[in-house]
Amino acid sequence: MLDSASQNTGLGSSRRDTLSFDNARSNSRQYNDPFSRVTSSFVSEDIPDAVSEKDLGNEYFKQKKYKEAIDCYSRSIAFSPTAVAYANRAMAYIKLRRFQEAEDDCTEALNLDDRYIKAYSRRATSRKELAKFKESMEDAEFALRLEPNNQEIKKQHADAKSLYDKAMLDKVSGALKSTVKGTQKEVKLDTKKNGGSIHPISHITQKSGPAKGNEQQIPAKESYIMEEVDSNKIRSRAQRQEADGSSSSNNVQHVKRNQKGSKQHVQTSIQQLASRAASLATAEAAKNITPPTTAYQFEVSWRGFSGDRSLQTCLLKAISPHELPKIFKNALSTALLIDIIKCVASFFNEQMDLAVSYMEHLTKVPRFDMIVMCLPSTDKDDLRKIWDEVFCGEATPMEFAEILDNLRLKYCLGQ
């Protein structure tokens, strides 16, 4: 037993020694192999990724090396597109006055994060430089809604609004000048057609008295005849002048009547053309409505259709009710909520099932409870009136009336 044990012990010791040697040889081979050293060194180095490229771009931006920064941000986007990388590259483009590219990058950033304030602000700057004053004002206004106490955004919004107002004033002034010139040309043409040119009438005065030079004595009889002839001539001239004056006066009145009629005709034609143009524009706009995918896109389109409930209805119906929470996220405002409800009420009687579905899914928008709780009293009164007169009217079927009664509590209107 002992020998055997001794033999076994010796064998085990021999195997352990062999194993130790193999490990040592293996380790020696690993450290002596040049390829292993290169591979190990390569793996230990930092591999570029989206974050490191973005950070490097930020360093270049601080050094005012904007082209190099753009290259880094572009590589970061290629690794993994983020709203921050797009917005940072947009800022570098702005520094190089490449405003169209900056606008495009900001739009990409907002497609990834529709509540990214810096992207709205930088796009507002780009659009201002591109003379897109209305869009610039809308971007700044939306950013201000997300962060009302941001003084920099407040100033940007005020500047954008001022530029937009000035552009609109210039546009209206130009249109008025064109209209006035057109009217003046029509009046001049009308005057020429009717022979309405008016010339001043020169008054003829006759001086009497002895002629200078060779004086001749005229007999009394002949003198009387001459005086009578002269008086007849004067009377005939006066009658002709009176007739001419009457004719001129009639011409003036005729021209004035024609001018007045021409102006009324022009105004009527302009109104008819404007009405037809508005109808065509509405029909064309309804055809070209693109379903919005973000709260910003929805609100911009909604405001663009302000005053036209039919187009706003088309915009709302372009969105499936269950998409509302996804689109609005945390960006639904009190004013927009009330306006959407008023729009839903306008087609409630024609499409009750769709209208009720919109009202249901609005309650699923994030922060809905907080928005409803903070409704001003005037908005609550309007909402209560809509509910009582439209949603819970006598024509509402029982199946929808029950759903609306339950929703009434969610809209904080009580029973």
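Arg-97 is exposed, with a relative accessible area of 57%; exposed means over 50%, buried under 20% and partly exposed in between, with a 1.4 Å probe and protein chains only. This is a predicted model, in which local features need pLDDT of at least 70 and side-chain atom pairs count only at pLDDT 80 or more, while totals for chains, interfaces and linings use all residues. Residues are numbered from 1 along each chain as its sequence is written, and side-chain values use heavy atoms, with hydrogens and water left out.

Arg-97 sits in the loop between helix 5 and helix 6 (99–112). Its phi is near 60 degrees, a positive value in a residue other than glycine. Cys-412 also has a positive phi, near 55 degrees. Cys-412 lies in the segment after helix 18 (398–410) and counts as partly exposed, at 32% relative accessibility.

The protein has 18 helices and zero strands. Both are DSSP runs numbered from the N terminus: helices are H or I of at least four residues, and strands are E of at least two. Of the 415 residues, 29% are buried. Contact means heavy atoms within 4.5 Å. Among contacts between residues at least 6 apart in sequence, 64% join residues at least 24 apart.

Helix 7 (residues 117–129) contains Thr-125, which counts as partly exposed because its relative accessibility is 25%. Leaving aside neighbours within four places in sequence, Thr-125 is in contact with Ile-94 and Gln-156. Its C-alpha atom is separated by 8.8 Å from that of Ala-140, 15 residues apart along the chain.

Two helices packed against helix 7 can be compared. Helix 5 (residues 83–95) packs with helix 7 at an angle of about 30 degrees, their axes 10 Å apart; axes are lines fitted to C-alpha atoms, for helices over the stretch in contact, and angles run from 0 to 180 degrees between N-to-C directions. That makes helix 5 roughly parallel to helix 7, since angles under 35 degrees count as roughly parallel, over 145 as roughly antiparallel, 65 to 115 as roughly perpendicular and the rest as oblique. Ala-87, Asn-88, Met-91 and Ile-94 of helix 5 meet Arg-122, Thr-125 and Ser-126 of helix 7.

The axes of helix 7 and helix 8 (residues 133–146) come within 8 Å and cross at roughly 160 degrees, which means that helix 7 is roughly antiparallel to helix 8.

The largest nonpolar core has 60 residues, of which Ile-340, Phe-391 and Tyr-411 touch the most other members. Helix 14 (residues 334–346) gives the largest share, eight residues. Domain 1 (50–174) and domain 2 (295–412) both contribute, so the core lies between them; the domain bounds come from an automatic or database domain assignment. Apart from this core lies another, of eight residues, among them Ile-70, Ala-92, Ile-94 and Ala-102. A nonpolar core is a set of buried Ala, Val, Leu, Ile, Met, Phe, Trp, Tyr and Cys residues joined through side-chain atoms within 4.5 Å.

Thr-313, in helix 12 (residues 309–317), is buried, with a relative accessible area of 10%. With the sequence neighbours up to four places away not counted, Thr-313 touches Cys-343, Ser-346 and Phe-347.
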